[in-house]
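Colleague: I am new to this structure and would like to learn how to read it with some care. Could we take one feature at a time?

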Amino acid sequence: MSKIKYTSLGIGLGLLTAGTTITIGTSASAGDNDGSTRTGGKEISLPRLPHSDIVSDTVKRCARKVYHRFEEIPAISDEEALMYDKSEYTYIINADRYQKSGEIELKRVLTDEISKANILSLIYRSECATYVPSENEDQMAKYIIDFKIINPTGAFKGPSQMDDVAVASFIKYLAVNPATRQNVLPLLKYNKPRHSDAPQTLTDALDSLEQSCYSDSAVMLPLKQRLSVLTDKVYQNIRLNSLAWKNIASPELKKYIAREEAKRHKTLSNTTKNFLCLSELFPDKEQLTKELETYNLTTFPIGRKGTPKEIMATLAQSMDLKNDSGNLDATRIPLFAIAASVSTVNWHGNGLGAVKDAQNFKKIYQKDPDNFLPALTLIAKKWTAGKSRKYGVNELRQMNMITPDIIEQFLSMELPGAAELANRYKEAVEREEIKISPKTQELNLLALTGMKYGNLKS
């Protein structure tokens, strides 16, 4: 019989065949090289049965499909969790229950079975191919995050359709960010100010701005603290090098630019061409996509009247949503409305109209607090455009789970109540994880194998 070590992450019981010996106990003593656990351990043997008779009730399963309804997605029990690495499962919150009462109901689920829809879904939805999702289809499955997409006029580009001003802002955001600075330096130039105390080089200028936007540990500072950067002369003197694309773009990208110009019978702006170079300056497309998401949540609203945070704070006030501490809690607003607030600022360039709508919603909500969703859905559609208005809001309304990704986005938006929700979620997850701690796992393993095979030989 072979011996295997039982680790803190558990083992795949579905892979254990009859005739295997498992040694259960505390940590292995020094000098043990056979992988067994000897210190205070106890060996148990599974009866020798046909190979097909595996622990069928605890077979490690793969993801079946993507779910966006909390009540439909299969839960992973404490016993089943023994078979998975921690990266393979996660915890989601029942959004319906949380929005109504503020109570956190967790469910442990496979990471690959939760929808990737989130607060940015409506921004991207308006630019993707037309489709009507089938039942249980991931609401993000058909979204094409294409950095080469350009609208018919050539004025807007990228998956969130930015104009030239937003593109310049995005590239400067990437330059100030220490994690992405090196990728975009070829696109920038620095007009050195005349006064002697100003930074003398582009590198020095970006180092100076980094201190205004990031903490010593490279964590982005709150929006209010970064607001002064917009009027900083150093920031204003960092500009796009208009013709940088000529030296950066590959022959393939230049051919693409020529085809797009021929299609429109007009020359694309140099800013557009520089933006298209990002797809080649970032070898890792996932990193570039993630940075665009972070930019849209944390930096695009800077200096604009009516930020998503302000819109949602106003709406939470109209709905009288508060947490246990008595503070305003915008995280209890339905996800589709939060996503629409980000979309409307992205679309209109400001959120003044949305703030007014959020103020007026108080009368609607007070009139019928148990049936406000139809009215809020209409408002969210008003805040969005294109396919987001036609399909996206209704799609996102069907999702009733709050994922870890969405909680992180709440924090990035600085939504009122986000920090408290994140702490409560963390504590709730820790309580669930204790149930599958190493010692608990050992007891669960004995119980599981005992249930399947009866009395075990010691």
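Colleague: Where does N151 lie?

Modeller: Please keep in mind that this is a predicted model. N151 lies in the loop that comes between α2 (121-125) and α3 (164-176).

Colleague: Is N151 buried or exposed?

Modeller: A residue counts as buried when its relative accessible area is under 20%. N151 has a relative accessible area of 14%, so N151 is buried.

Colleague: Which residues does N151 touch, leaving out those up to four places away in sequence?

Modeller: Contact here means heavy atoms within 4.5 Å. On that basis N151 touches F156, Q161 and R264, once residues up to four places away in sequence are not counted. There is also a polar contact, at 3.0 Å, between the side chain of N151 and the side chain of T153.

Colleague: How many bridges join strand β4 to β5?

Modeller: Strand β4 (residues 89-94) is joined to β5 by 5 bridges, and the two run antiparallel. Within this pairing, Y89 stands opposite L110 in β5. As a general idea, side chains in a regular strand alternate between the two faces of the sheet.

Colleague: How many helices and strands does the chain have?

Modeller: The chain has 19 helices and 8 strands, and 51% of its 458 residues count as buried. Of the contacts between residues at least 6 apart in sequence, 70% join residues at least 24 apart.

Terms used: Residues are numbered from 1 along each chain as its sequence is written. This is a predicted model: local features need pLDDT of at least 70, side-chain atom pairs count only at pLDDT 80 or more; totals for chains, interfaces and linings use all residues. Side-chain values use heavy atoms; hydrogens and water are left out. Two strands pair if DSSP finds at least two bridges between them. Helices (H or I, at least four residues) and strands (E, at least two) are DSSP runs, numbered from the N terminus. Buried means under 20% relative accessible area, exposed over 50%, partly exposed in between (1.4 Å probe, protein chains only). A polar contact is a pair of N or O atoms within 3.5 Å; within protein, one must be able to donate a hydrogen and the other to accept it, and residues adjacent in sequence count only if both atoms are side-chain atoms.
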